[in-house]
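User: I would like to learn how to read a sheet and an interface in a protein model. Where should I start?

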Amino acid sequence: MLFTIYRFNPETDETPYMQEYDLSEIKPGTMLRDALLRIKNEQDESLSFRHSCGEGVCGSDGMNINGTNGLACVTSVDGLKQPIIIRPLPGMPVIRDLVIDMTQFYTQYRAVKPWLIVKDPIPEVEFKQTPEQRDKLDGLYECILCGCCSTACPSFWWNPVKFRGPAALLQSWRFLADSRDQATAERLEELEGPYKLYRCHSIMNCVDVCPKNLNPTKAIGHIKKLMLKNML
Amino acid sequence: MSYQAKGLQAWLYQRLTGAFMALYIVYFIWVISFSESMTYTLWLEWFSHPLMNTATGLFIIHLAVHAWVGMRDIVLDYVSNDSLRLLTLACISFFLIIISLGMLRIFFSLALTIQA
């Protein structure tokens, strides 16, 4: 099985280049992460990429696989067209090979204050929610911050500093939709202006690539609707 | 609408103007395709009706607003250099103002012809 992998070591290379690897005896159902680990162990130990849990929970091994962002650990090599072309997530600074600098992504995530803001005295035992209120968080809380969506978003490529990006906006809605959160007005106020929220043009690349099948475009639509409701 | 037009406002204007223009265009095409013979006199008569008159005037303004929001979106996405961005936006707004004033002028001179 043929692989073409993006390589760049800032200490030795002036420009990035694509390197080819040939891996034999791949069992059916092998995940891409395991294939990459075999390349690293058997052929080229200098190949660098992030990975951890190996089952789509930690979100470490987001990469661009044959032109589409995804998690290597939950992508089977069986259905992939050869040679399998692997690049780092697009639009982000490359640290080395497939390892990217996620600083900008986390800065945007932090900016939406992804935690509960409660102004009333905090209850002594626990916050209570009805099952219906809890249901509203389904499809939002599951995000693992792998970065596949934001780095697939053209609006995020053009304005990574000003546009929050799909991942951060999904989390913004996760807290706006939370019955326990009491900072709706502040959160909406923070997202005003032409950039932070409204660079989203419903391109829906985020929905297409999300390895957890979440829908940031829909969440962004909910935020816009809530803004409109608050204005009226 | 200024360069700093708030996100929600711009987004809302774009949708409202879009909806209005869609209705206008559908009505316009419907009348054109179902009228047996559209003569200049009939055309003048149609446009001199107060409702059609107002709607067309509004259409021209809506078109300018809609185009402004759309073009601004494109410029904010693709023109990253600040001064170039400002220049592009200034050119676009100048162009849109001139075009819509021109259209309104033609339209109102038409309205005057009808009254005369």
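**Reading a sheet and an interface**

Analyst: This is a predicted model. Start with one pair of residues: Ile65(A) has Ile86(A), in strand 5 of chain A, as its bridge partner.

User: How do strand 3 and strand 5 of chain A run, parallel or antiparallel?

Analyst: In general, strands of a sheet pair through backbone hydrogen bonds, in a parallel or an antiparallel way. Here strand 3 (residues 62-65) and strand 5 (residues 84-87) of chain A run antiparallel, joined by 2 bridges.

User: What is the order of the strands in the open sheet of chain A?

Analyst: The order is 2-1-5-3-4, an open sheet of 5 strands with mixed pairing. Strand 2 (17-22) and strand 4 (68-71) of chain A are at the edges with a single partner strand each, so one side of each has no neighbour in the sheet. On average, neighbouring strands of this sheet are turned by 30 degrees against each other, direction ignored.

User: Now the interface. How much area is buried between chain B and chain A?

Analyst: The size of an interface is often given as the accessible area lost when the parts come together. Between chain B and chain A about 1300 Å² is buried, and carbon and sulfur atoms give 58% of this. On the side of chain B, Leu8(B), Trp11(B) and Asp77(B) lose the most area to chain A, together 44% of what that side buries.

User: Which side chain does Asp77(B) meet in a salt bridge?

Analyst: Asp77(B) meets the side chain of Arg199(A), at 3.1 Å from N to O. Across this interface of chain B and chain A, 2 salt bridges are found.

Key:
Residues numbered from 1 in each chain as written. Chains lettered and ligands numbered in written order. Predicted model: local features only at pLDDT ≥ 70, side-chain atom pairs only at ≥ 80, totals over all residues. Heavy atoms only, no water. Buried area = accessible area lost by both parts, 1.4 Å probe. Salt bridge = Lys/Arg side-chain N within 4 Å of Asp/Glu carboxyl O. Pairing = 2+ DSSP bridges. Helix = DSSP H or I, 4+ residues; strand = E, 2+ residues; numbered from the N terminus. Axes fitted to C-alpha atoms, helices over the stretch in contact; angles between N-to-C directions.
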